[in-house]
Amino acid sequence: MDLDTIKQEMENWVVNYLDQPSKYYNNLRPCPFAKEAWFAQKVKLLLGKKEEVCNQVENWNDDHELTAVIFDEWEGVEEWADGYNHYAAQKDLYLMVFDPTADGPDDPELLPEKWGAINDDVYGWVFIQRLAKLNRYSQILEKQGYYRNLSQDFLEYINTRRSTHG
């Protein structure tokens, strides 16, 4: 995996998907905070797996709003992250996993050819960010109807994250 290619691909995803209004998200942008953080250089990308994620949590500082640890194969990553989140929450951090082997969201706009994929490599991400900030932004979006079209499973995930982890 080439980190420079992944950085360019992530920028394409931020600009061409996360910052574009979507019917799936009640005509809001999938992540209205991503573009500003990306272009303010508040996103850190690293290659790694469990050891790197743990290192980032242990040595977290607020120079970045989001750290993405990119991995190629990691069996059981979601289950591991769910368990580790109880520890990370004590540091006001939260891990979100995007596993390439898992079913993706139902948003029909989330197609690689639409947002500008440039890489044939299959990889996933573990996003690390401040839990309090994530929950605060989530509550702002909820008031705007952001979650209106999302699945019951996803809504349960959001409510569990808020109640279990701060």
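**View 1. Pro32 sits in the loop between helix 1 (3-18) and helix 2 (34-39).** Helices (H or I, at least four residues) and strands (E, at least two) are DSSP runs, numbered from the N terminus. This is a predicted model: local features need pLDDT of at least 70, side-chain atom pairs count only at pLDDT 80 or more, and totals for chains, interfaces and linings use all residues. Residues are numbered from 1 along each chain as its sequence is written, and side-chain values use heavy atoms, with hydrogens and water left out. Pro32 has 19% relative accessibility, so it counts as buried. Buried means under 20% relative accessible area, exposed over 50%, and partly exposed in between (1.4 Å probe, protein chains only). Neighbours within four places in sequence aside, Pro32 is in contact with Leu18 and Leu141. Contact means heavy atoms within 4.5 Å. Pro32 and Ile118 lie 86 residues apart in sequence and 23 Å apart in space, C-alpha to C-alpha.

**View 2. Helix 6 (residues 131-143) carries buried residues, among them Leu141.** Helix 6 has 13 residues. From first C-alpha to last it reaches 19 Å, close to the 18 Å expected at 1.5 Å a residue. The expected span is 1.5 Å times one less than the number of residues. Leu131, Leu134, Asn135, Ser138 and Leu141 are buried. Seen down the axis of helix 6, these buried residues fall within an arc of 120°, so they line one face of the helix. The arc is that of the directions from the helix axis to the C-beta atoms. Just after helix 6, Gly145 takes a positive phi of about 85°.

**View 3. Helix 3 (residues 50-58) crosses helix 4 (residues 77-89) at roughly 15°.** Their axes come within 12 Å. Axes are lines fitted to C-alpha atoms, for helices over the stretch in contact, and angles run from 0 to 180 degrees between N-to-C directions. The crossing angle makes helix 3 roughly parallel to helix 4; angles under 35 degrees count as roughly parallel. Lys50, Val53, Cys54, Val57 and Glu58 of helix 3 make the contact with Trp80, Tyr84, Tyr87 and Ala88 of helix 4.

**View 4. Asn27 has a positive phi of about 65° although it is not a glycine.** Most residues other than glycine have a negative phi. Asn27 lies in the loop between helix 1 and helix 2. Asn27 is exposed, with a relative accessible area of 54%.

**View 5. Gln41, a residue other than glycine, has a positive phi near 60°.** Gln41 is found in the loop between helix 2 and strand 1 (43-47). Gln41 is exposed, with a relative accessible area of 65%.

Technical notes:
Parallel < 35°, antiparallel > 145°, perpendicular 65-115°, else oblique.
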